[in-house]
Amino acid sequence: MMETLNYDFWKYFKEISNIPRRSGEESKIAKYIIDFAIKRNFKYYTDKYNNVVIWKEASEGLQDKEILGLQCHTDMICEKLINTEHDFSKDPLKLIVEGDFIKAVNTTLGADDGIGVAYILAILDSKEIKHPKLECIFTTEEETTMNGAMGLDASILQSKRIISFDNDNEEEMWISSATAKEWTSTIKEPQIDLNPEEFTTFCLNLDKFKGGHSGIDIGDVTRGNPIKIIAELLNCFSDVYISDFEGGSKVNIIPRDCKIIFSINNNELSKVSVLENEISRIKNMYQTADISLNKINNVQKSYSKQLSENLLKFINSFQNGAIVKDEYGNVILSGNFGAVKKENEVMNLLYSIRYNSSKLGLKLENKIESDMEHYNIEAKNHGNILGYEQEENSQLIECCEKIYYKCFNKKIKKVKVQACLECGYFSNKIPNLQYVAIAPNIYNAHSPDERMSIKSANKMWNFIIEILENIN
Ligand SMILES: [Zn+2]
């Protein structure tokens, strides 16, 4: 049977697709949700961040049950195909159905997290669905700053258990989000002249690695990290003098490229063949990658031997990629050496770690800080994004697991994500918070190819209704 857009939440999904809701520009969608609440006489709250919270009383017979929070974010990533005329500050999205998928013409669909908004509005609007007292939380700027979740006044919240709809896989229930610790280090030292009679300069260039997001793709070993690989390759030589070193773009992006200009003493020239062999080995491991090594005719100015050595040793000491996985295969500790950038004579290093276990995370943090001290790498600034951990057998998790099994005769996967989610901020405000995120299958979120399975959206709708009606 062809899946249809018959359920009530589709009406809201279509309506909110007409409302511009770029991150940081949520006033129109906030007004729409507030008008919705006023029309139905619901108690609501809003604030300067354009967050909205709506309360709905329990259905007859369910007044004794504990209040349940439902949560989503109202903003969306606004991406379009090049040459597409679309003004995200005013134009409605053009929704189309292709087979089982709903998508938007040439733009992101905003099912991340418009499906959450639509589900919650339809639940609030329904007179048939049975549920405990509901606290419906619509946050803002999730895709950029998390200012909504961060700024929301916790004293107005009553729920100690929240179901979020910010996820993209119907088979997974997200039960934890990562803490991210980020560092920016600066290395500054005048460069020196090397005697052209004694030294030879090379350019080693690594390009076309897969890259990716450090919160999503870090477990995939086929991506590699060209910054780390360069530091490892240069272990062939006993002394390296770095002139130029540039790779990656952002702290939370897995680098795709890296280039280094370095000099070695001529008495080490015989080791270049060792480097070339290593390069062939790396090329075999990362099939998409381009790697080239070229001699540069003029010997370049460079950093001192000591600084060059410290820098390479520090990068070598940094544990990159997936470091620890839990029993289900979730990455729960990872590192990403994100970028090396040189501006004039100042070199900036951007690197980060993510963890879903504070015990593991703090241990690694300490190691990094002590390596920094050891190699004389000073941190200019730190970033810290809060994560979320809970008991794996929390009442909310067990309840959702049981109902999922009853609905689909299949176990839902409990997943700890390395992404940073809003639950980090909620758990910071609400002691002993129980929080899970569930959602239908959404593909290529954040890109103009974003699409959502209609069948999956309908299936998850029925699952959510079962939860509301049967939750303890
Ligand atoms: Zn989202």
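This is a predicted model: local features need pLDDT of at least 70, side-chain atom pairs count only at pLDDT 80 or more; totals for chains, interfaces and linings use all residues.
Colleague: Nice place to start! Which helix does F426 lie in?

Modeller: Residues 423-429 form a helix, and F426 falls within that run. The helix that holds F426 is α10.

Colleague: Let's move to another helix. Why is α5 largely enclosed by the rest of the structure?

Modeller: A residue is buried if 20 or more other C-beta atoms lie within 10 Å of its own. In α5, which spans residues 226-233, the buried residues are P226, I227, K228, I229, I230, A231 and L233. Helix α5 is largely enclosed because its buried residues number 7 of the 8.

Colleague: Are α5 and α7 parallel, perpendicular or oblique to each other?

Modeller: The axes of α5 and α7 come within 9 Å and cross at roughly 120°. Angles of 65 to 115 degrees count as roughly perpendicular and those over 145 as roughly antiparallel. The pair α5 and α7 is therefore oblique.

Colleague: Is the crossing of α5 and α7 left-handed or right-handed, and which residues make the contact?

Modeller: The crossing of α5 and α7 is left-handed. From α5 the contact takes I227, K228, A231 and E232, and from α7 it takes L312, I315 and N316. By class, these residues divide into 4 nonpolar, 1 polar and 2 charged.

Colleague: Now for α1 and α3. At roughly what angle do their axes cross?

Modeller: Helix α1 covers residues 8-17 and helix α3 covers residues 111-125. Their axes come within 8 Å, and α1 is oblique to α3. The crossing angle is roughly 130°.

Colleague: How many nonpolar residues does the contact of α1 with α3 have?

Modeller: α1 passes α3 in a right-handed crossing. The contact is made by D8, F9, Y12, F13, I16 and S17 of α1, together with G114, I115, V117, A118, Y119, L121, A122 and D125 of α3. Alongside 2 polar and 2 charged residues, the number of nonpolar ones is 10.

Colleague: Let's zoom out. How far apart do the C-alpha centres of domain 1 and domain 2 lie?

Modeller: Domain 1 takes in 8-177 + 388-470, while domain 2 runs over 182-383. The C-alpha centres of the two domains lie 39 Å apart.

Colleague: Which strand gives the largest share of the side of domain 1 that touches domain 2?

Modeller: The contact takes 8 residues from domain 1 and 13 residues from domain 2. On the domain 1 side, the largest share is 3 residues, from a strand at residues 413-416. That strand is β20.

Colleague: Last one! What percentage of the residues of the chain count as buried?

Modeller: The chain has 11 helices and 23 strands, and its C-alpha atoms fill a box of roughly 90 × 50 × 45 Å along the principal axes. Of its 472 residues, the share that count as buried is 45%.

Terms used
Residues are numbered from 1 along each chain as its sequence is written. Domain bounds come from an automatic or database domain assignment. Two residues are in contact if their C-beta atoms, placed from the backbone, lie within 7 Å. Helices (H or I, at least four residues) and strands (E, at least two) are DSSP runs, numbered from the N terminus. A residue is buried if 20 or more other C-beta atoms lie within 10 Å of its own, exposed if 12 or fewer, and partly exposed in between; C-beta atoms are placed from the backbone. Axes are lines fitted to C-alpha atoms, for helices over the stretch in contact, and angles run from 0 to 180 degrees between N-to-C directions. Angles under 35 degrees count as roughly parallel, over 145 as roughly antiparallel, 65 to 115 as roughly perpendicular and the rest as oblique. A crossing is left-handed if the near helix is turned anticlockwise from the far one by less than a right angle, and right-handed if clockwise. Ala, Val, Leu, Ile, Met, Phe, Trp, Tyr, Cys and Pro count as nonpolar, Asp, Glu, Lys and Arg as charged, and the others, Gly among them, as polar.
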